[in-house]
Amino acid sequence: MERVAFAMKLLPGKEAEYRRRHAAVWPEMLDALRAAGCHNYSIYQRDDDLFGYFEVDDFERFRAMMDASEVNARWQADMTDLIDPLTDPATGFHRRLTEVFRLD
């Protein structure tokens, strides 16, 4: 299992809409995440900083499935007016955070 943590940035004045959309994530988006092997997914907020965390058995498989997902493409397009995804140009994914401590 791979633990994935990443950062994003909430755009000014978009907090209420971001929270509203995440209180009602499309069921087909949730299905796509699960089908790609994603579980234990959380997003945290501090001011305009967003921190995501999820677990997946195979990150490359997860990425390939989500990249090919029509519903994910629609969801990402729907988020563009709310967040800066802080995409890492080297990976095409959000800027991943480095784990420095874990207590199992």
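Setting aside neighbours within four places in sequence, aspartate 49 is in contact with Met8, Lys9 and Tyr44, where contact means heavy atoms within 4.5 Å. This is a predicted model, so local features need pLDDT of at least 70 and side-chain atom pairs count only at pLDDT 80 or more, while totals for chains, interfaces and linings use all residues. Residues are numbered from 1 along each chain as its sequence is written, and side-chain values use heavy atoms, with hydrogens and water left out.

Back to aspartate 49: its place is in strand 3 (residues 49-56). Helices (H or I, at least four residues) and strands (E, at least two) are DSSP runs, numbered from the N terminus. With a relative accessibility of 18%, aspartate 49 counts as buried; that label means under 20% relative accessible area, with exposed being over 50% and partly exposed in between (1.4 Å probe, protein chains only). Alanine 7 is 42 residues away along the chain from aspartate 49, yet their C-alpha atoms are separated by 7.2 Å.

Methionine 8, one of the contacts of aspartate 49, belongs to strand 1 and is buried at 5% relative accessible area. Its list of partners, not counting residues up to four places away in sequence, runs to Tyr18, Ile43, Asp48, Asp49, Leu50, Ile83, Asp84, Pro85, Leu86 and His94. Beyond its neighbours within four places in sequence, alanine 5 is in contact with Gly52, Tyr53, Arg95, Arg96 and Leu97.

Now for the rings. The structure holds eight aromatic pairs; rings of Phe, Tyr and Trp (its six-membered ring) pair if their centres lie within 6.5 Å, and planes under 30 degrees apart count as stacked, over 60 as edge-to-face and the rest as tilted. Phenylalanine 59 and phenylalanine 93 have ring centres 5.2 Å apart and planes at 85 degrees, so this pair is edge-to-face. Because phenylalanine 59 lies in helix 3 (residues 59-67) and phenylalanine 93 in the loop between strand 4 (83-84) and strand 5 (95-96), the pair ties together parts that are 34 residues apart in sequence. Both phenylalanine 59 and phenylalanine 93 are buried. Ring pairs also link Phe6, Tyr41, Phe54, Phe59, Phe62 and Phe93 into a cluster. Over the ring of phenylalanine 59 sits the charged end of arginine 96, 4.6 Å from the ring centre (the criterion is NZ of Lys or CZ of Arg within 6 Å of the ring centre and within 35 degrees of the ring normal).

As for helix packing, helix 1 (residues 15-23) and helix 4 (residues 70-79) meet at an angle of about 160 degrees, with their axes 11 Å apart. Axes are lines fitted to C-alpha atoms, for helices over the stretch in contact, and angles run from 0 to 180 degrees between N-to-C directions. That angle makes helix 1 roughly antiparallel to helix 4 (under 35 degrees is roughly parallel, over 145 roughly antiparallel, 65 to 115 roughly perpendicular and the rest oblique). Tyr18, Arg21 and His22 of helix 1 make the contact with Trp75, Asp78 and Met79 of helix 4.

Asparagine 72 is found in helix 4 too. At 11% relative accessibility, asparagine 72 counts as buried, and its contacts, leaving aside neighbours within four places in sequence, are Met29 and Met66.
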